[in-house]
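Here are my notes on the fold, for use beside the model. The points run from the whole chain down to single residues.

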Amino acid sequence: MNNITILTMKKSRISSVNMWSFVIMILLFMTQCSINESSIYRKIRDHADHVKVINAHEHQHWPEEYGDYKFRFYHLIAASYLAADISSAGANGYDWKLMDSLSLDELWDRYGKALDYTRSTSYYSQFVKGFQKLYGFSDLYFTKDNIAKLSTSIEKNYKNYKQWFNEAFHRAGYELMFLDQYWKPFNTGLDSKYFALVFNINPLISGSSRKPWKGTEPGSIYEEADNEGYRINSLDDYLKFCDHLFKKNIENKAVCLKNSQAYSRTLFYEDVPYAEARALYDKPSSRLTPAEAKKIEDFMFHWIIRKAIKYDLPIQIHTGYLAGNGNVLDNGQPIKLNNLFLKYPEAKFDLFHGGFPWTDESAALGKMFRNVYLDIVWLPQISREKAVNALEEMFDCVPYNKFFWGGDCGLIEESTGSLEYGKDVVSEVLANRVERGLLTEEVALDIVDRIFRENVIEVFKLEERLGREF
Ligand SMILES: [Zn+2]
């Protein structure tokens, strides 16, 4: 070996030692980063578990409101968002009667394959989370075998649902839920131990273009008016009864209004003059063209917003994606509401669901208008990944006193899963921002308190209610 060869070997040994030290240092640094990241995430996530959550949107049913069924695992799926993914995967629609008449094995044969195809969706994983929190379910997926045990526990709990609801409600971490009873919108009685009343104003809008020719449709606003002794022969009569409904809801401590009309029409509400609406209302509804029917409805929503300002009630509005299978997606595009935000600066508009898939429009509207708030309700369930990205964008754009969270579910198990999912998503985004030096831990924890509790109390004026009743 000559000197040059020895020198080269030494050099290469030195450089290989240096290279290994460098690799080890990088690995140590990466491990350190991930420990820090996970510990920050854990701290934020644990903090979220100690918040007494005010859930700004729910559709909680008592089981008997679905019908006289013996509730088991598949009934809970049928009442959940996941049913739509199972149908989307190709399974035949859920028939509630079959849930009672078929065995669990027969139901697995019928739905198991499609259920398995949904294992990647957010509807699926948020649904699993509810059982992990409330039933000690530890698997990642449902299987033919593990469903049997779960179903037995569900059946036992649903024999005394009110007791089970009370236990699960507190175990999930709730203090209060806003209840939108779209399936019985004139009901103002509810259990104030758990729920605050939401005044669903859909029937006031849709009823204005569906005046009965004779008789009244069961469940319609006209039947309700009949029951309460109101005669409706003109738009003025109709508005008088609508004002009565406002007062009745306020007497029952309604916290806000809710518009979910995107399920049946566009969210673009033109400003129609009273005289024009009155003349159209006088026409038989069956003779109204679709454009005329829309005009009366548009007038009604403007009228409702003015009442909401007068009675100081925020207005929750469904925007974006529509639950179920098959509808007109662009009905709910958030930007269609822009004219209302400009015209009514004193009203408080609360846009739901991040307007998915138009989350950027929601962020822009929440940023541009003082009177526009953002409720991330249901967004994590539709797409966890989109919720993470959208929240990053929204935190960039919108001050954090303008965010709320809601569950949006029919039964307590799914609502619990929804809350777990919501906390996971918010904590992940905040931990990420702390990691990147964009937020301090202290502010991140404050944002958690604000989204899951404090903002709702402030904007919906719940201080007195919480002080008095809890
Ligand atoms: Zn809803």
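1. The protein chain holds 20 helices and 8 strands. Helices (H or I, at least four residues) and strands (E, at least two) are DSSP runs, numbered from the N terminus. This is a predicted model: local features need pLDDT of at least 70, side-chain atom pairs count only at pLDDT 80 or more, and totals for chains, interfaces and linings use all residues. Residues are numbered from 1 along each chain as its sequence is written, and side-chain values use heavy atoms, with hydrogens and water left out.

2. Overall extent and burial. The C-alpha trace of the protein chain spans about 110 × 55 × 45 Å along its principal axes. Of its 470 residues, 54% count as buried. Buried means under 20% relative accessible area, exposed over 50%, and partly exposed in between (1.4 Å probe, protein chains only). Take the contacts between residues at least 6 apart in sequence: 76% of them join residues at least 24 apart. Contact here means heavy atoms within 4.5 Å.

3. The 8 strands form an open sheet in the order 1-2-3-4-5-6-7-8, and the pairing is parallel. Strand 1 (53-58) and strand 8 (403-404) stand at the edges with a single partner strand each, so one side of each has no neighbour in the sheet. Two strands pair if DSSP finds at least two bridges between them. Strands of a sheet pair through backbone hydrogen bonds, either parallel or antiparallel.

4. Two pairings in detail. Strand 4 (residues 256-259) and strand 5 (residues 315-317) run parallel and are joined by 3 bridges. N259 has I317 in strand 5 as its bridge partner. Strand 6 (residues 349-352) pairs with strand 7 in the parallel sense over 4 bridges. There, F349 stands opposite V372 of strand 7.

5. Strand 7, side by side. In a regular strand the side chains alternate between the two faces of the sheet. In strand 7 (residues 372-375), V372 and L374 point one way, while Y373 and D375 point the other way. All of these residues are buried.

6. Helix 15 against helix 17. How do these two helices cross? The axes of helix 15 (residues 359-368) and helix 17 (residues 384-397) come within 9 Å and cross at roughly 20 degrees. Axes are lines fitted to C-alpha atoms, for helices over the stretch in contact, and angles run from 0 to 180 degrees between N-to-C directions. Helix 15 and helix 17 are therefore roughly parallel. Angles under 35 degrees count as roughly parallel, over 145 as roughly antiparallel, 65 to 115 as roughly perpendicular and the rest as oblique. T359, D360, S362, A363 and K367 of helix 15 meet K386, A390, E393, M394 and C397 of helix 17. By class, this contact divides into 4 nonpolar, 2 polar and 4 charged residues. Ala, Val, Leu, Ile, Met, Phe, Trp, Tyr, Cys and Pro count as nonpolar, Asp, Glu, Lys and Arg as charged, and the others, Gly among them, as polar.

7. Helix 18 against helix 19. The axes of helix 18 (residues 412-435) and helix 19 (residues 441-459) come within 10 Å and cross at roughly 155 degrees. The two are therefore roughly antiparallel. Helix 18 contributes L419, G422, K423, V426, L430 and V434 to the contact, and helix 19 contributes E441, A444, I447, V448, I451 and F452. The contact has 9 nonpolar, 1 polar and 2 charged residues.

8. The loop between strand 6 and helix 15. This stretch deserves a check of its backbone. H353 lies in this loop and has phi near 65 degrees, a positive value in a residue other than glycine. H353 counts as buried, at 1% relative accessibility. G354 is in the loop too, and is buried at 4%. Leaving aside neighbours within four places in sequence, G354 contacts T359, S362, D375, L379 and M394.

9. Another positive phi. K253 has phi near 60 degrees and is not a glycine. K253 sits in the loop between helix 11 (235-251) and strand 4. At 35% relative accessibility, K253 counts as partly exposed.
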